[in-house]
Amino acid sequence: MKALGSWLRRLERATRPVDPEFVEAMARRWDELPEHVKVPGQVLGRHAVGCEGTHGVFPRCNFTCTPCYHSAAANAVRVDGVHTVTQVEAQMAFLRSRRGPAAHAQLIGGEVSLLEPEDHAAALSIMRRYGREPMSFTHGDIDYDYLTTLALDASGRPRFRRLSFAGHFDTTMFGRRGIRRPESEADLEPYRRRFAALFARLRAEHGVSYFLAHNMTVTPSNLGSVAEVVRQGADMGYSMFSFQPAAFVGNQKRWKEDYRDTSGDQVWAEIEAGVGCELDYTVFQHGDLRCNRVAYGFYVGPKWFPVLSSTPADLATRDAFYRSFGGMLFNNTPPAVVAARIARAVARRPVVVPMALAWLIRTARRVGWAHLARHRRIRPVSFVMHSFMDAADVAPAWELMTRGIQSDDPQIQATQERLASCHYAMAHPESATLVPACVQHSVLDPDENRQLAELLPLKLGPTRRRAAGTVG
Ligand code: SF4
């Protein structure tokens, strides 16, 4: 009887529609946000605390990209699994303590596939243990063997039910096997397809599901290819296309063009041209719109549709979602538990049922019943643009912010506003601080990587170490 009582109590706790600790973490996040981003569509503080990323856990990469956001010394740091796992543990523990029980976190640094698969798997397990939904960032030049060794345990059984990867493909990157110096984005099409096919095979052969993002750095040179990349990639298996207009940050020797010749508006217009319709990035907002634009939606056949439009009825549906489900944890949770949480949330606010039905009917009408019947399959695909800032702006802005001073220079002031609304944080457990990724790359990476190069040196001669900036 006692055992049954305790089981029921655990069941009641597990199926609560909202997680009190998550709600508290979001409330803190909301309070910290500057007023200018406290808009109805803001996701931070309503359904998420923001994105997180690792740093200094495996800085090295075997590609040479132009630009590269990592400092020159990053490539003088040996990849060392023990270091990676220890640092990931420390950073995740700190994020868990400061940002609450759930967030998306990027396993990022240099090239993740330079890690031994066992170390990579250990890092992912640690991230999950701290409630993080990890995504591994790679240049995509990996083999099926690597993927299976990562995904399966020694007995050949999946150790993860699902993997999330972001594959980076564009003409600013050099060193890919088979196409060391791509001349056009179209040349990379087979490589984009091959990468996605690895995961489709993994799912078919071993039942490991996946979420794939496609990353592309956009410069004046490849801006005109963005639309084609979107068109070609739409049915490859990627669930997200993320574009990063290049910024002057990281290794200065890798700055090759005037990146400020390309504006965020131009990049977004190219994405829209590829999708074939306007993308409203104000329905859901992540932090500051000058940093992030997002359009969530899905393809039915060759046409893309937004999950929510900016009509009053759809915006009311969004607001109802935030109210009833904003504090609900979906990730790392068995589907049956999610279903029970949803059922309890609906019991609390039954009004969401007619609202959800009305939204379903509106969306189906927008797609068109005939179009739906013809194509049937719905493929969720979102479009994202993340615009890092230039180190020359971030460094003075951050220096003033650490002293509590607001700049009177309009450019630096705008930078401070964006840093204060940052959606993408990195952890420094040693100083008990969280910093925006812009600050990490613009201000902290050079010293951090120089120290790591001393701690984990490569076997380089003095000339190459001088080139990497680790000896005077
Ligand atoms: S990392 Fe920089 S560009 Fe990205 S959200 Fe944070 S402040 Fe904005």
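User: Helix axes here are lines fitted to C-alpha atoms over the stretch in contact. This is a predicted model. At what angle do the axes of helix H7 and helix H8 cross?
Analyst: Helix H7 spans residues 226-233, and helix H8 spans residues 264-275. Their axes come within 7 Å. The crossing is right-handed. Its angle is roughly 35°.

User: How many residues of the contact of H7 with H8 are nonpolar?
Analyst: H7 contributes Val 226, Ala 227, Glu 228, Val 229, Val 230 and Arg 231. From H8 come Val 267, Glu 270, Ile 271, Ala 273, Gly 274 and Val 275. Three of the contact residues are charged and one is polar. The nonpolar ones number eight.

User: Which strands are the edge strands of the open sheet?
Analyst: The sheet has ten strands with mixed pairing. Its order is E9-E13-E8-E7-E5-E4-E3-E1-E14-E15. The twist averages 25° from one strand to the next. An edge strand pairs on one side only, and this holds for E9 (292-295) and E15 (433-436).

User: Which residue in E14 stands opposite Cys 51?
Analyst: Strand E1 covers residues 51-53, and strand E14 covers residues 424-428. The two run parallel, joined by three bridges. Opposite Cys 51 stands Tyr 424.

User: Which elements give two or more residues to the shell around the ligand?
Analyst: There are 15 residues around the ligand, and Cys 291, Cys 422, Pro 436, Ala 437 and Cys 438 come nearest. The shell divides into nine nonpolar, five polar and one charged. The elements giving two or more residues are helix H14 (410-420) and helix H15 (437-455).

How values were computed:
Residues are numbered from 1 along each chain as its sequence is written. This is a predicted model: local features need pLDDT of at least 70, side-chain atom pairs count only at pLDDT 80 or more; totals for chains, interfaces and linings use all residues. Axes are lines fitted to C-alpha atoms, for helices over the stretch in contact, and angles run from 0 to 180 degrees between N-to-C directions. Helices (H or I, at least four residues) and strands (E, at least two) are DSSP runs, numbered from the N terminus. A crossing is left-handed if the near helix is turned anticlockwise from the far one by less than a right angle, and right-handed if clockwise. Two residues are in contact if their C-beta atoms, placed from the backbone, lie within 7 Å. Ala, Val, Leu, Ile, Met, Phe, Trp, Tyr, Cys and Pro count as nonpolar, Asp, Glu, Lys and Arg as charged, and the others, Gly among them, as polar. Two strands pair if DSSP finds at least two bridges between them. A residue is near a molecule or strand if its C-beta atom, placed from the backbone, lies within 6 Å of it.
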